[in-house]
Amino acid sequence: PDLAEQGEIARGGMGAILRVHEPRLGRDLAMKVILGGGTSGEGLASRFVDEARIQAQLDHPGVVPVHHLGTDAAGRLCFTMKLVRGRSLEELLAAAYATHDGAPPTRFVQVLLRVCETLAFAHSKGVIHRDLKPANVMVGDFGEVYVMDWGLAKALGAADPDGVGEAPARGDRAGSAPSIASSGSAHTVAGSVLGTPRYMSPEQAAGRTAEIDERTDVYALGALLYEILAHRPPYHELGERATAMDLIGAVLAGPPRRLAEAAPHANEELMAITEKAMARAPGDRYASAAELKADLQAWIEGRVVRAHRTGLVVELRKWIRRNRALAGALCVAALVAS
């Protein structure tokens, strides 16, 4: 279709997002174009096309719909999609911390719930995102929540089109990181590993691709919750100048600073959820994004959080808070009976 470019919105490692206008229907769209023009390698082009196809096939409210895949006037691969108006979770968190917003993290946990729902749907279709981070979560002006940038997404059982990440792991030993392309620590890197270092699971950081599954995304969800609670991303103790290699090495060496130290006033149940989601061994994490969502939903509703050890007294208190009228009636009945 004839589209009028209206400027660049964002830029990533594989493509740039442009705002375009479609005159026939009188609407604005987002168009992602591959970087590098005609010199782009075959693997990069294949990955770009896979991103468009995966995103188009994930028919879910939390995934931005794709309208068209083709080439633009300059001959570059591109695809168009709905233009999302809003702010990223990264921007919302930064704004809250800059104003010293002391409100409980409920609003951000609710955003994370929607992200869990979207990831659970993608996982049900056999798709792993592999690059979940605050910058890739968009909150619309009317509360819509989208998981963005499926450029590193992979269908389980399928090989990466350009072979990136499929080589034997070279960083299985603690403190020994696999090779990665030069990149800022907050950005997506590629090489023998894929993803964004601060939010990578140990198996992802080590390049152990055979172990990457739904629980790899669960770890990243836990890393988002860590940042919500600590007001800093995991491994923030390394400082803003930490390189991607520094962070990969830290992830391989051990877990980030414990939330009990990084966020001593955070809710204990949310800390327990975070620690379970970010467990070093995949088998110790939530088995799915749906399970993680269930615990977050339980926290919001004041029910028992499975990741947090509680006794009969705690569970009784939670039940009373949820059923105040009934609890009061039972107390009156007990007093009358006595």
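Trainee: What makes the link between the side chains of histidine 123 and aspartate 217 a polar contact?

Mentor: The two side chains are joined at 2.8 Å. A polar contact is a pair of N or O atoms within 3.5 Å, where within protein one must be able to donate a hydrogen and the other to accept it, and residues adjacent in sequence count only if both atoms are side-chain atoms. Bear in mind that this is a predicted model, where local features need pLDDT of at least 70 and side-chain atom pairs count only at pLDDT 80 or more, while totals for chains, interfaces and linings use all residues. Residues are numbered from 1 along each chain as its sequence is written, and side-chain values use heavy atoms, leaving out hydrogens and water.

Trainee: Why is histidine 123 called buried?

Mentor: Its relative accessibility is 9%, so histidine 123 counts as buried. Buried means under 20% relative accessible area, exposed over 50%, and partly exposed in between, with a 1.4 Å probe and protein chains only.

Trainee: Which residues does histidine 123 touch, not counting residues up to four places away in sequence?

Mentor: They are Ile128, Glu214, Asp217 and Ala289, with contact meaning heavy atoms within 4.5 Å.

Trainee: How do you know that the buried residues of α2 line one face of the helix?

Mentor: Those residues are Leu89, Leu92, Leu93, Ala96 and Tyr97. Seen down the axis of α2, they fall within an arc of 130°, so they line one face. The arc is that of the directions from the helix axis to the C-beta atoms.

Trainee: What makes β4 and β5 a pair?

Mentor: Five bridges join these antiparallel strands, and two strands pair if DSSP finds at least two bridges between them.

Notes:
Helices (H or I, at least four residues) and strands (E, at least two) are DSSP runs, numbered from the N terminus.
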